[in-house]
Number of protein chains: 2
Amino acid sequence: MPQGKPEYVPEDGLTTRQRRNRALLIVHTGPGKGKSTAAFGLALRAWNQGWPVGVFQFVKSAKWRIGEERALVALGASGEGAPVDWHKMGEGWSWIQRPGSEEDHAADAREGWEQIKRDLAAEKYGMYVLDEFTYPMKWGWVDVEEVVAVLRDRPGRQHVVITGRDADPRLVEAADLVTEMTKVKHPMDQGQKGQRGIEW
Amino acid sequence: MPQGKPEYVPEDGLTTRQRRNRALLIVHTGPGKGKSTAAFGLALRAWNQGWPVGVFQFVKSAKWRIGEERALVALGASGEGAPVDWHKMGEGWSWIQRPGSEEDHAADAREGWEQIKRDLAAEKYGMYVLDEFTYPMKWGWVDVEEVVAVLRDRPGRQHVVITGRDADPRLVEAADLVTEMTKVKHPMDQGQKGQRGIEW
């Protein structure tokens with residue numbers, strides 16, 4: 001709530017304005033739906049604020065998130081709001097001049113993280129969506145301690161949203177805002193498969 | 001997951017294709033962040049599929065969701081995807097030719113619900129986002145039994161997403177997909193107020 005009152009005022013030497021404008025590390029985790037969709041909703045807010053948006057999809061299939069991709073790319077190209085860059089691991093990342101390896105997703109994920117580090121150092125975006133990035137951390141493809149250290153020390157005002165199940169406790173500890181999405185009821189429980197326009 | 005396997009196949013006489021294409025009633029509830037942002041993420045998918053999107057914001061302040069509103073209205077006007085209508089209770093609803101009452105939010109909420117009933121009967125949209133609609137139900141401004149009956153009996157293929165805390169158990173029972181967003185950690189706990197581009 002814009003007029004929300006904090007529960008207490010910390011003794012961190014910051015003014016309310018400085019505290020208000022602190023860049024956030026946000027984590028959407030848990031087994032329920034909505035982790036990524038909520039992250040893309042935040043990207044809409046960033047676009048509206050004129051903050052350049054960088055999406056890094058750490059997923060194998062290029063079919064995922066096609067609705068969100070088309071929408072955010074269209075918004076980025078609209079001349080209003082902010083530019084949007086959409087990077088997909090499933091197609092071998094846009095900045096790499098060779099097709100993505102079918103064999104080595106771990107190397108692909110590390111290349112994604114290396115680019116994010118470069119972009120953070122250059123303060124390229126105001127909002128980073130690191131979609132499904134908990135998995136490369138969980139599987140040991142990227143080093144959690146390094147991820148946390150780089151994110152903690154990132155310069156300037158760069159918001160970062162990380163999505164995926166099973167967020168590492170060290171990531172949760174470092175984050176400013178963590179939401180767990182819990183499944184209460186899902187159509188697949190009743191034998192329904194995922195459907196176009198809802199699941200992707 | 002597009003290729004997700006259901007846990008069992010129900011004996012409902014439907015083909016997999018019919019079951020797959022069943023319109024869903026989706027509820028995002030719980031005290032955590034992301035209920036509405038995830039609903040607007042679903043609206044992006046609907047837009048991409050060419051399903052007309054109707055947003056009904058059951059909130060008092062017209063300042064809320066300005067990022068999502070600007071983005072979805074821009075997408076709706078882009079000539080790609082689907083049209084988008086964005087209705088706000090806080091401004092007295094777009095279809096009503098008088099300013100919204102400062103005094104009677106209950107009447108305003110009921111007028112919103114009456115319009116939704118007309119639109120459902122006319123199969124006007126493929127995706128309805130009823131943002132914060134749990135509150136008029138909770139406060140007794142609209143009748144939960146009627147809402148559930150109308151949604152259960154809605155014609156055609158119209159997806160409906162309802163957001164807000166404290167979803168009524170009857171709504172949860174009627175819904176196909178329910179996700180609870182749980183707060184794990186929030187900046188306001190550390191004395192930080194809501195901020196532009198993140199909270200709205």
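Guide: Let's start with burial: buried means under 20% relative accessible area, exposed over 50%, and partly exposed in between (1.4 Å probe, protein chains only). This is a predicted model, where local features need pLDDT of at least 70 and side-chain atom pairs count only at pLDDT 80 or more, while totals for chains, interfaces and linings use all residues. Residues are numbered from 1 along each chain as its sequence is written, chains are lettered from A and ligands numbered from 1 in the order in which they are written, and side-chain values use heavy atoms, without hydrogens and water.

Visitor: Is Asp166(A) buried, exposed or partly exposed, and what is its relative accessible area?

Guide: Asp166(A) has a relative accessible area of 44%, so Asp166(A) counts as partly exposed. Lys138(A), at 47%, is partly exposed as well.

Visitor: How many helices and strands does chain A have?

Guide: Helices (H or I, at least four residues) and strands (E, at least two) are DSSP runs, numbered from the N terminus. Chain A has seven helices and six strands, in the order α-β-α-β-α-β-α-β-α-α-β-α-β from the N terminus on.

Visitor: Why is strand β4 of chain A described as largely enclosed?

Guide: In a regular strand, side chains alternate between the two faces of the sheet. Here five of the five residues of β4(A) (residues 127–131) are buried, so the rest of the structure largely encloses this strand. Met127(A), Val129(A) and Asp131(A) lie on one side, with Tyr128(A) and Leu130(A) on the other, and both faces are covered.

Visitor: In which sense does strand β2 of chain A pair with β4(A)?

Guide: Two strands pair if DSSP finds at least two bridges between them. Strand β2 (residues 53–57) of chain A runs parallel to β4(A), with five bridges. β4(A) also pairs in the parallel sense with strand β5 (residues 159–163) of chain A, over four bridges. Follow Tyr128(A) to see both pairings: Gly54(A) stands opposite it, and in β5(A) its bridge partner is Val160(A).

Visitor: Which residues have the most contacts inside the largest nonpolar core?

Guide: A nonpolar core is a set of buried Ala, Val, Leu, Ile, Met, Phe, Trp, Tyr and Cys residues joined through side-chain atoms within 4.5 Å. The largest one has 48 residues, and those with the most contacts inside it are Leu72, Leu75 and Met127 of chain A and Leu72(B), Leu75(B) and Met127(B). There is also a second, separate core of 29 residues, with Phe58(A) and Met137(A) among them.

Visitor: What does Leu75(A) touch?

Guide: Contact means heavy atoms within 4.5 Å. Leaving aside neighbours within four places in sequence, the contacts of Leu75(A) include Leu44(A) and Trp47(A), as well as Ala71(B), Ala74(B) and Leu75(B). Thr37(B), in helix α2 (residues 35–49) of chain B, is another residue to look at. At 6% relative accessibility, Thr37(B) is buried, and the residues it touches include Thr37(A), Arg45(A) and Glu68(B).
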